[in-house]
Amino acid sequence: MSTNRTPDIDTVEKLLRKARRHGARGPELAQHLPALVDLLVPPNGASPRDRAAHAEQIIRKAIDTALDDPAKTAIKVLFGLAAGTRRTSVDYRREHAAGHIGITPGAFRRPHQEGTMILEIAFEIATTV
């Protein structure tokens, strides 16, 4: 990250949960979640789109570090970061993410599955400043 300020874990988690709807690729972050971009890559003279691209990379790195397969693959699908998942509905992505773990989409959506994975990513982001 480009700041010495540590992001609040609860805020990171809340914004990551919002990222599920549109996805966590740079263009989607720039358009729908500028607050997450600002938190991960504070304004520093770079364009908002450049910062959104950097924020995407921070999220990808946190996923790769915090999770093991199949959870890593599932969460990349959920966030639209896996091939073929960009600009698909959250329901479509959740169904395919659940398939990677071998559970139903309803079971995947429960806090101890999807919620736990998002929290682990939030911890990774907040603690690797």
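Residues are numbered from 1 along each chain as its sequence is written, and side-chain values use heavy atoms, with hydrogens and water left out. Because the model is predicted, local features need pLDDT of at least 70 and side-chain atom pairs count only at pLDDT 80 or more, while totals for chains, interfaces and linings use all residues.

Helices are DSSP runs of H or I with at least four residues, numbered from the N terminus. Two packed helices are described by the angle between their axes and the distance between the axes; here the axes are lines fitted to C-alpha atoms over the stretch in contact, and angles run from 0 to 180 degrees between N-to-C directions. The table gives the values for two pairs that involve α5.

| Helix pair | Angle | Axis distance |
|---|---|---|
| α5 and α8 | about 90° | 11 Å |
| α5 and α6 | roughly 170° | within 8 Å |

The angle makes α5 roughly perpendicular to α8, a term that covers 65 to 115 degrees. In this pair, Ala71, Ile75 and Leu78 of α5 meet Glu114, Met117, Ile118 and Ile121 of α8, where contact means heavy atoms within 4.5 Å. By class, the contact of α5 with α8 has six nonpolar, no polar and one charged residues; Ala, Val, Leu, Ile, Met, Phe, Trp, Tyr, Cys and Pro count as nonpolar, Asp, Glu, Lys and Arg as charged, and the others, Gly among them, as polar.

α5 and α6, in turn, are roughly antiparallel to each other, the word used for angles over 145 degrees. Ala71, Thr73, Ala74, Val77 and Leu78 in α5 meet a set of α6 residues that includes Val90, Arg93, His96 and Ile101. The contact of α5 with α6 has seven nonpolar, three polar and two charged residues.

**Helix α8 and two buried residues**

Helix α8 spans residues 111–127, and its buried residues include Met117, Ile118, Ile121 and Ala126; buried means under 20% relative accessible area and exposed over 50%, with a 1.4 Å probe and protein chains only. What covers the buried residues of α8 includes α1 (9–22), α3 (34–40), α4, α5, α6 and α7 (105–109). Ala126 counts as buried at 6% relative accessibility, and, leaving aside neighbours within four places in sequence, Ala126 is in contact with Thr6, Pro7 and Ile9.

Leu36, which lies in helix α3, counts as buried because its relative accessibility is 0%. Not counting residues up to four places away in sequence, Leu36 touches Leu15, Leu16, Ala19, Leu29 and Ile59; the C-alpha atoms of Leu36 and Ala19, 17 residues apart along the chain, are separated by 8.6 Å.

**Backbone features and the cavity**

Most residues other than glycine have a negative phi, and most peptide bonds are trans. The peptide bond from Asp69 to Pro70, however, is cis, with omega near 10°, and Pro70 lies in the loop between α4 (48–66) and α5 (71–78). Arg87, found in the loop between α5 and α6 (90–101), has a positive phi near 60° and is exposed, with a relative accessible area of 67%.

A cavity is a set of points on a 1 Å grid over the protein atoms alone where a 1.4 Å probe fits but cannot get out, and lining residues have an atom within 4 Å of a point. The largest cavity has a volume of about 30 Å³, this being the space filled by probe spheres set on the points, which are joined across faces, edges and corners. The lining divides into two nonpolar, four polar and five charged residues.

How values were computed:
1 Å grid on protein atoms, 1.4 Å probe; cavity = no way out; pocket = protein on both sides within 12 Å on 5 of 7 lines; lining within 4 Å. Parallel < 35°, antiparallel > 145°, perpendicular 65-115°, else oblique.
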